[in-house]
Amino acid sequence: MVAFLSRRKLMAWGMALAACAPVAHAQAPALDGPLSLVVGYAPGGSTDRIARLIAERLTPKLGVAVTVENRPGEGGRLAAKEVKRAPAGQNVLMLGNPAVMVVAPLVFKDAGYDPDKDFVPVSQVSSYDFALAVGNKLQLDRAMFLVGRLWAHPEEAVFGVPATGSLPHFFGLMVGDALSVQPQIKGYGGSAPLSADLIGGSLPIAIDTLDSVYAQHVAGKIRILAVSGKKRASFAPGIPTFREAGMKIDADGWNTFFAPSAMAPAKVQLLANAIHDVMKDPGLQKAADALYITPVVSTAAETAQMLKAYRQQWEPVVRRSGFQP
């Protein structure tokens, strides 16, 4: 009798599972084809690195192939113009940053796209600090010593940045305001030549993204005096923030996924949810930390709010600079 009842229960459970299976399958989110993550820079940079970490984990999450496509050119604007024109049915996202989505539309008469009209924010995935670094020739190990030197010799306030019109450029102006000095901004063709001059001694002071100069700091080739975050970077706990160093400023940059405005809202939300879940993965967070990248877990709504506040912070700085490409 017991065996008979057990078989009846098993049969009942099997029928129940079979009945539920089609419903569960119908509700499971799925894309109708592979997904492309477009990066407006060459392989190897921080934007490219975080994109590849995410693509690797999105593939099993979405059940489709997810690939990173590098479209370098025009400081990231070429990728934005390409993704803007993507047809409604194409599965494509752009991993953008402030230079493309905030600064370029302010300084170019026609950047070739409108961040608000042509794109929909999907999810912020990382943030990064800016770093104030000095060459060993200055023999300074604290920001307050540099502050005293520049107050005494304001003509020495020459800040090297990876490119004119970059976020480090405008953050350098913020540092100058905080120090009550008028810095001369010296633009380079990227972080590599900037670091080379800083290490070689021909450039005394540099402002760049923390991930770009941290390895040289660890190697003892340069000295990072302060970072721009509201708190110390998790991978660089020994470096104080600007506020801890006595300067009342903080700022950061970010990498955020954007969808072309033609993409269906339901698909945008599907991708936002998937990316949000992937960013919570401890394995991804550990891998990002090892690459000097600070991962961010953010919903589409939280990302939109972040972008609004970010523009309010940076637009006056960029406009006041009078910078023109």
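This is a predicted model: local features need pLDDT of at least 70, side-chain atom pairs count only at pLDDT 80 or more; totals for chains, interfaces and linings use all residues.

Visitor: Why is phenylalanine 130 called buried?

Guide: Its relative accessibility is 0%. Buried means under 20%. So phenylalanine 130 counts as buried.

Visitor: What makes phenylalanine 171 buried or exposed?

Guide: Phenylalanine 171 has a relative accessible area of 0%. The cut-off for buried is under 20%, so phenylalanine 171 is buried.

Visitor: Why is the pair of phenylalanine 130 and phenylalanine 171 called stacked?

Guide: Take the distance, then the angle. The ring centres are 5.4 Å apart, and rings pair if their centres lie within 6.5 Å. The planes stand at 25°, and planes under 30 degrees apart count as stacked. So this pair is stacked.

Visitor: What makes this a link between distant parts of the chain?

Guide: Phenylalanine 130 sits in strand E5, and phenylalanine 171 in helix H7. They are 41 residues apart. A search of the whole structure gives 13 aromatic pairs. Both residues also belong to one aromatic cluster, with Tyr113, Trp254 and Trp314 among its other members.

Visitor: Which residues does phenylalanine 171 touch?

Guide: Leaving out residues up to four places away in sequence, phenylalanine 171 touches Phe130, Ile207, Ser228, Phe242, Ile249, Ala251 and Trp314.

Visitor: Which residues have the most contacts inside the largest nonpolar core?

Guide: They are Leu146, Phe171 and Trp314, in a core of 55 residues. Helix H7, residues 167–179, gives the most to this core: seven residues. Another core lies apart from it, with 33 residues, including Leu58 and Ala300.

Visitor: How do you know that strands E5 and E8 pair?

Guide: Count the bridges. Two strands pair if there are at least two bridges between them. Five bridges join E5 (residues 130–135) to E8 (residues 205–209). So E5 and E8 pair, and they run antiparallel. Alanine 133 stands opposite alanine 206 in E8.

Visitor: Why are strands E7 and E9 said to stand at the edges?

Guide: The open sheet has five strands in the order E7-E6-E8-E5-E9, with mixed pairing. E7 (184–187) and E9 (222–227) each have a single partner strand, so one side of each is left without a neighbour in the sheet. From one strand to the next, the twist averages 30°.

Visitor: Which strands does helix H9 lie across?

Guide: Helix H9, residues 210–218, lies across E5, E8 and E9. It runs at about 135° to E9.

Methods: Residues are numbered from 1 along each chain as its sequence is written. Side-chain values use heavy atoms; hydrogens and water are left out. A nonpolar core is a set of buried Ala, Val, Leu, Ile, Met, Phe, Trp, Tyr and Cys residues joined through side-chain atoms within 4.5 Å. Buried means under 20% relative accessible area, exposed over 50%, partly exposed in between (1.4 Å probe, protein chains only). Helices (H or I, at least four residues) and strands (E, at least two) are DSSP runs, numbered from the N terminus. Contact means heavy atoms within 4.5 Å. Axes are lines fitted to C-alpha atoms, for helices over the stretch in contact, and angles run from 0 to 180 degrees between N-to-C directions. Rings of Phe, Tyr and Trp (its six-membered ring) pair if their centres lie within 6.5 Å; planes under 30 degrees apart count as stacked, over 60 as edge-to-face and the rest as tilted.
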